[in-house]
Amino acid sequence: MTTASGVPVGDNQNSITAGQRGPTLIQDVHFLEKMAHFDRERIPERVVHAKGAGAFGYFEVTNDEISKYTKADFLSEKGKRTEMFARFSTVAGEKGAADTERDPRGFALKFYTDEGNYDLVGNNTPVFFVRDAMKFPDFIHTQKRNPRTGLKDKDAVWDFWSLSPESLHQITYLHGDRGIPATFRHMNGYGSHTYKWVNDQGEAFWVTYSFISDQGVKGLDADVADQLAGEQPDYHREDLYNAIENGDHPSWTLYVQIIPFEDYKTYKWDIFDITKTVSKKDYPRIEVGKMVLNRNPENFFADVEQAALSPANLVPGIETSPDKMLQGRLFSYSDTQRYRLGVNHQQIPVNRPKAEVNHYQRDGYMAVNGNGGGKPVYEPNSIDGPVEDPASKISPFEVEGVADSVAYDSQDHYTQPGDLYRLMSEDEKSRLVKNFADHMRQATRDDIKLRQIGHFYKADPEWGERVAEELGLSVPESAKAVKN
């Protein structure tokens with residue numbers, strides 16, 4: 001395996017990081033080339049999250065204590081409202097795909113704060129398939145079309161998942177009762193990653209986000225979802241539009257888990273591993289505020305197709321973590337928008353911050369904001385150009401270790417999925433097993449199916465037995481080995 005310039009690739013599974021925890025190093029040229037090429041593979045629709053719908057609304061703070069944890073101005077006091085935009089989407093399907101496919105749903109939010117735009121780009125599940133962005137293009141390729149047949153390829157899907165056991169937690173969510181949301185309104189949203197909050201005293205905390213649907217969480221039966229895919233492939237888009245037009249404004253309550261800064265060193269799970277969750281028993285949820293969507297776009301293309309969201313859009317008081325998936329997304333999301341919409345995509349009205357923009361970036365396609373006029377184009381300068389604000393520097397975070405392609409320390413991909421399985425009722429387990437079997441049956445290779453069933457056994461032997469029985473497969477004893 002080589003790079004595009006023919007240079008051998010030493011590790012295609014793990015990005016080069018500072019020690020085991022990271023962050024990712026920009027010197028990993030294979031990773032940068034891989035992501036940059038991936039970001040440019042589709043024209044003109046989004047590479048992922050191509051099919052979606054959006055709406056405008058507001059976020060209102062309901063907790064007067066949140067400023068203890070972050071100096072972010074839009075969260076500073078109870079009752080404060082911030083205008084926002086939300087886009088919901090499927091992940092893998094093309095622009096014309098059906099809304100009701102079994103797929104995670106994107107849950108992307110843009111807050112137009114007084115300090116600039118803050119984007120929180122997550123999903124309707126609290127975990128993800130892979131935990132290093134190095135593997136993300138490969139994962140998405142398995143969800144797209146076979147290069148020879150032009151058809152969806154279930155062998156590729158299950159081959160990749162069965163060779164990537166860290167995916168087990170996410171695919172358990174995906175094949176459970178929440179795998180196909182009834183509507184966009186009836187699903188929760190999660191920030192996916194652990195982020196860092198910093199207060200005005202310089203104290204740092206780790207934080208996770210959960211937007212809990214005030215409409216309740218409802219899923220679609222698989223047969224109903226298949227029927228709707230044929231009858232009304234835009235079912236979720238239609239439902240969101242009609243609800244808002246009829247004054248039935250959907251809302252979500254935001255909760256966060258606050259994790260003391262030093263706890264990341266000793267907590268039983270790596271809080272930066274996106275395939276794991278942080279227990280609500282260990283760190284209870286705290287209510288922050290309410291998000292309400294009350295206005296449909298006037299023009300779908302202008303406001304939804306041209307919406308550009310990126311986790312790199314942060315405001316003072318909210319910072320990143322060493323999460324390797326987040327580190328990759330900080331580059332990739334903005335890069336794919338630069339390709340899809342142009343280098344000046346943040347001048348498009350739906351993306352334009354209400355805060356004043358002052359920088360030295362000029363020219364490029366679609367520079368429509370006056371292009372800086374006659375102001376200076378370099379810094380430092382002695383003619384009153386904008387200068388940096390030291391108060392907005394990030395809170396320092398200690399990194400250590402040898403720069404190398406390093407995997408996460410934990411290789412336990414089974415405890416949390418097994419716990420999730422055991423939390424289900426008998427009816428839920430039956431539906432989960434059927435959904436897995438129905439999906440896996442579409443793969444043609446038994447060796448791939450057996451490899452995946454081996455992961456079910458490791459999470460819970462009953463789970464493995466039931467899927468094997470449903471598929472009519474005899475599982476070798478070697479595949480049934482239960483983890484220590």
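Is Pro284 exposed or buried? Pro284 counts as exposed, at 52% relative accessibility. The cut-offs are these: buried means under 20% relative accessible area, exposed over 50%, and partly exposed in between, with a 1.4 Å probe and protein chains only.

## About the model

This is a predicted model, where local features need pLDDT of at least 70, side-chain atom pairs count only at pLDDT 80 or more, and totals for chains, interfaces and linings use all residues. Residues are numbered from 1 along each chain as its sequence is written, and side-chain values use heavy atoms, with hydrogens and water left out.

## Around Pro284

Pro284 sits in the loop between β9 and β10. Ile259 is 25 residues away from Pro284 in sequence. In space, the two are 9.5 Å apart, C-alpha to C-alpha. Element names follow DSSP runs: helices are H or I with at least four residues, strands are E with at least two, and numbering starts at the N terminus.

Strand β8 covers residues 204–213. Ten of its ten residues are buried. In a regular strand, side chains alternate between the two faces of the sheet. Both faces of β8 are covered. One side holds Ala204, Trp206, Thr208, Ser210 and Ile212. The other holds Phe205, Val207, Tyr209, Phe211 and Ser213.

Strand β9 spans residues 251–260, and eight of its ten residues are buried. Two strands pair if DSSP finds at least two bridges between them. β8 and β9 pair in the antiparallel sense over nine bridges. Phe211 has Leu254 of β9 as its bridge partner, and Tyr209 stands opposite Val256 in β9. On to β10, residues 285–295: seven bridges join this strand to β9, and the two run antiparallel. Leu254 has Gly289 of β10 as its bridge partner.

Strand β7 (residues 195–198) pairs with β8 in the antiparallel sense over four bridges. Val198 is bridged to Ala204 in β8. β7 and β8 form a hairpin with five residues between them. Gly202 lies in that turn and has a positive phi of about 85 degrees.

Strand β6 (residues 189–190) also pairs with β8 in the antiparallel sense, over two bridges. Here Tyr190 has Ser210 of β8 as its bridge partner.

## Aromatic rings

A search of the whole structure finds 37 aromatic pairs. Rings of Phe, Tyr and Trp (its six-membered ring) pair if their centres lie within 6.5 Å; planes under 30 degrees apart count as stacked, over 60 as edge-to-face and the rest as tilted. Phe74 and Tyr118 form a tilted pair, 5.8 Å centre to centre with 45 degrees between the planes. Phe74 lies in the loop between β2 (52–61) and β3 (81–90), and Tyr118 in strand β5 (residues 116–123), so the pair ties together parts 44 residues apart in sequence. Phe74 is buried at 4% relative accessible area. Tyr118 is buried too, at 2%.

Trp158 and Trp161 form an edge-to-face pair, 4.9 Å centre to centre with 90 degrees between the planes. They are three residues apart in helix α3 (residues 154–163), so about one helical turn separates them.

## Charges over rings

A charge sits over a ring if NZ of Lys or CZ of Arg is within 6 Å of the ring centre and within 35 degrees of the ring normal. Arg81 lies over the face of Tyr58, at 3.8 Å from the ring centre. Lys324 lies over the face of Tyr408, at 4.7 Å from the ring centre.

## The largest pocket

About 1300 Å³ of space lies in the largest pocket. On a 1 Å grid over the protein atoms alone, a pocket is an open set of points where a 1.4 Å probe fits, with protein on both sides within 12 Å along at least five of seven lines; lining residues have an atom within 4 Å of a point. Grid points are joined across faces, edges and corners, and the volume is the space filled by probe spheres set on the points.

The lining has 33 residues, and the closest to the pocket centre are Glu115, Glu356, Val357, Asn358 and His359. β5 and α8 (324–341) are the elements that give two or more residues to this lining.
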